[in-house]
Structures are given as C-alpha cells and as structure tokens.
Amino acid sequence: MSEPLSLYLHLPFCHKICPYCSFYKHTPGKTDFTAFIDALLEEGRRKNEELGAPAIRTVYLGGGTPSLLSEKHLSHLFLGLQEVFDFSQVEEVDLEANPSTFHLSKAQLFRELGVSRVSLGVQSFQENELKALGRDHTAEAAAESFKLLREAKIPSCNLDLMFSVPHQTEESWQDNLTQALALKPDHISCYNLTYEEDTAYFEQFEKGELSDDPDLNARLFTLAHETLTSAGFRHYETSNYSTPGHHSRHNLSYWEGRNYLGLGPSAVSTIKSHGSDCFATRWKNAPDTQRYIQQIQSVGHAMHESEHLSEEQFNLERIALLLRTDTGLPLRYLPEGVSWQMLLEHELATVSESHLTLTRSGALLVDAIAEELAG
Ligand code: SF4
C-alpha cells in the first residue's frame with residue numbers, strides 16, 4: 001500500500017463530562033495510562049504491518065482531552081509512535097487541548113514532540129455560557145492557555161467556539177468572536193450546538209427544557225461568517241475558518257476520502273482496498289477503554305464492527321462532506337441523473353465545469369441539500 005495515511009488516536013479522558021458531548025469519553029478513574037498507551041502502540045504496530053507500513057501524512061490526537069496526559073505519558077506515546085510509524089513525510093500533527101490542562105512546560109513539550117497544531121476547546125468567553133456548557137474553565141483561563149501555546153511557539157493554533165448555546169444572544173456571540181479575534185488565532189472553528197442522543201442535553205431537549213431555533217442558528221452562523229471573513233479568515237468549510245496556510249490538513253483528508261487509521265477505543269478507520277471486491281473497508285473499535293486494553297493484549301485488535309463500502313456508497317459520503325467546503329463538490333461524485341438546476345435557480349449553489357459549490361444561503365441548508373443530491 002503506497003497511499004500516505006492519516007492517523008487518528010482517541011484518548012477518551014476528560015476531567016469533567018460536558019452535557020452536550022456525544023464522543024466516547026470518561027473521567028480517568030483508575031485507568032492505567034501506561035497500559036493504555038502500550039495498547040495504542042501495539043494496535044498501531046499491528047495495523048502498520050498489515051497495511052504495508054505506509055508513510056504517515058497527518059496525525060490527530062483527539063478525544064477526550066489529550067492534553068490532560070502527563071508529560072511522561074505524552075513522551076511515551078509520541079516516542080513510541082515515531083518508532084512504530086514512518087513519520088518521514090508528516091505534514092501536520094494536531095492535538096486537542098482544553099484550557100487549564102497544561103502549563104508552559106507541557107506546551108513546550110507538545111512542540112518538542114512534534115505537535116504542529118493545537119486546537120483549544122474554548123467554546124465561549126461568557127461565564128454564563130461556559131456554565132451552561134458544563135465547562136470546567138473560565139474565560140480568563142482559556143485566554144491564558146492560548147497565550148501559553150503562543151509562548152511555546154506552536155506553529156498553528158486553533159480556537160473552538162460554539163454557537164446556539166443556551167442563554168446565548170447575538171450580542172454575546174459577537175463578543176465571543178471579538179474576544180477570539182483579539183487573541184489572534186490562526187484558525188477558528190465555530191460549531192453549532194446540536195442535541196445528540198445519549199447526552200444529558202438530549203434528555204433536557206426531549207423534555208422541552210432546551211430548544212433549537214433554526215432562525216437564530218442561521219443568524220449566528222451569518223454573524224460568524226461576516227465577522228471572521230472581514231477579519232481576513234477564509235471560510236473554507238461550514239464550521240471552519242482559517243488564515244492563509246492554516247487549514248486543517250487532517251480534516252481535509254476525511255472530506256476528500258483519503259485513507260485513515262483510527263487507534264484507541266471507539267476509533268474508526270476507513271481504508272480503500274484496491275484490487276478487491278469492495279471499494280473500501282471501514283471498522284470501528286470497541287467504545288470501552290478497559291475492553292480495548294484487554295482485547296489488544298489478548299487478541300491484538302479491538303474491532304467491534306466493520307463494513308464494506310461500494311464505490312457508490314463511498315462517493316455518496318463525499319457529497320455530504322465536500323459540499324461543506326468552499327472548493328465544492330466535484331460533479332463526478334453525483335449519482336447519474338441527479339439535477340442541481342433547482343439549486344442554481346434559488347441561488348443556493350453555483351456550478352463550474354467540474355464543481356458544485358454552495359452559496360452562503362446554500363451553506364445554511366447544507367445537510368438538506370446533501371440528502372437531496374445523494375438521492
Ligand atoms: S466536549 Fe471535550 S471536554 Fe467536554 S466531555 Fe466532550 S471531549 Fe470531554
């Protein structure tokens with residue numbers, strides 16, 4: 001296998017569980033971190049061999065809160081990864097961090113270990129919104145943590161913000177954007193809060209204690225677009241804004257349909273399988289840290305479910321993902337006979353010889369349009 005690989009590691013540990021979060025995560029409890037990291041490295045070793053030792057293109061440590069690992073454990077993990085995988089062509093190493101989980105020496109260690117991009121989960125600069133989101137840091141702590149990343153000379157720093165948070169108004173969202181810009185990040189992600197199953201917020205939503213207002217969502221989305229593009233950011237994906245050269249290469253590899261290998265509990269992998277009956281294989285690891293460690297130790301993998309994707313299924317997935325980008329969807333991914341004329345008539349999209357690209361009004365309806373186009 002020669003195609004370079006994107007590598008994802010899931011570190012499911014958080015000090016406190018946020019009520020809106022649907023990722024697999026838990027408090028560290030009595031987890032043996034050394035055993036956990038050894039399991040990640042063992043899984044990596046086996047998969048690397050099975051896949052023919054491809055060069056790694058991007059690495060992403062997500063979760064969970066990877067930045068809560070101790071310096072000792074971070075060093076163990078990174079040095080182990082560099083031994084297992086071919087990092088000679090790595091373009092980007094991302095790490096998700098939460099405010100107040102690191103100090104300057106840990107931020108400097110991120111850099112020494114090769115981290116080139118840190119995503120800081122700030123979510124809001126308003127204390128009442130942070131409280132509603134169940135975050136365990138203040139706005140001031142978030143700003144301080146961001147400054148530490150700069151002091152440690154992390155080459156690319158992203159801030160994650162969230163809109164349509166309970167109590168949020170257009171004024172408070174504008175203030176969040178202004179405070180984010182004042183820190184001069186290289187990249188800002190703005191996620192619309194959604195109510196996902198199996199979260200505390202979903203239960204409250206079902207009981208009518210929380211509500212979703214599509215008109216407010218649209219106004220806050222537009223406010224972010226106007227504020228951030230006026231400040232020189234490129235709105236290159238529905239939820240992502242970048243200064244030149246600072247877009248997420250790792251996320252781009254998902255949208256473009258490149259091969260990715262996920263290590264850790266609940267991690268997903270998708271690998272195209274040239275020359276066999278199916279176009280691509282996808283598998284997911286068991287979403288259970290203890291079981292993950294035990295399975296890696298006993299049988300060498302923790303695969304929990306898997307599926308084969310046909311080329312048609314694979315291309316249909318590209319529709320939903322690439323329509324979210326400002327480069328648009330290559331027309332070759334659209335099923336035969338699908339018409340996009342209505343989108344042009346309603347000024348929801350523009351079309352070139354090779355791509356269909358959503359306008360700003362279209363971007364507000366991206367999920368519905370993707371569903372329609374996929375048939
Ligand atoms: S949002 Fe982040 S910090 Fe909060 S529970 Fe989820 S992974 Fe942990």
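User: Is Tyr-201 buried, partly exposed or exposed?
Analyst: Keep in mind that this is a predicted model. Tyr-201 has 4% relative accessibility. The cut-off for buried is under 20%, so Tyr-201 counts as buried.

User: How do the rings of Tyr-20 and Tyr-201 sit, stacked, tilted or edge-to-face?
Analyst: Their centres are 6.4 Å apart, with the planes at 50 degrees. Stacked needs under 30 degrees and edge-to-face over 60, so this pair is tilted.

User: How many residues apart in sequence are the parts that this pair of Tyr-20 and Tyr-201 ties together?
Analyst: Tyr-20 is in the loop between strand E1 and helix H1, while Tyr-201 belongs to helix H7. The pair therefore ties together parts whose separation in sequence is 181 residues.

User: What kind of pair do Tyr-195 and Phe-205 form?
Analyst: Here the centres are 4.6 Å apart and the planes 5 degrees. Planes under 30 degrees apart fall in one class, so the Tyr-195 and Phe-205 pair is stacked.

User: And is Phe-205 buried, partly exposed or exposed?
Analyst: Its relative accessibility is 28%. Buried would need under 20% and exposed over 50%, so Phe-205 is partly exposed.

User: How many charged residues are in the shell around the ligand?
Analyst: The shell includes Lys-16, Lys-25 and Arg-135. Lys and Arg count as charged. By class there are five nonpolar and four polar residues, and the charged ones number three.

User: Which ring does the charged end of Arg-332 sit over?
Analyst: The distance from the ring centre is 4.5 Å. The cut-off is within 6 Å, and the ring belongs to Tyr-333.

Technical notes
Residues are numbered from 1 along each chain as its sequence is written. This is a predicted model: local features need pLDDT of at least 70, side-chain atom pairs count only at pLDDT 80 or more; totals for chains, interfaces and linings use all residues. Side-chain values use heavy atoms; hydrogens and water are left out. A residue is near a molecule or strand if one of its heavy atoms lies within 4 Å of it. Rings of Phe, Tyr and Trp (its six-membered ring) pair if their centres lie within 6.5 Å; planes under 30 degrees apart count as stacked, over 60 as edge-to-face and the rest as tilted. Helices (H or I, at least four residues) and strands (E, at least two) are DSSP runs, numbered from the N terminus. Buried means under 20% relative accessible area, exposed over 50%, partly exposed in between (1.4 Å probe, protein chains only). A charge sits over a ring if NZ of Lys or CZ of Arg is within 6 Å of the ring centre and within 35 degrees of the ring normal.
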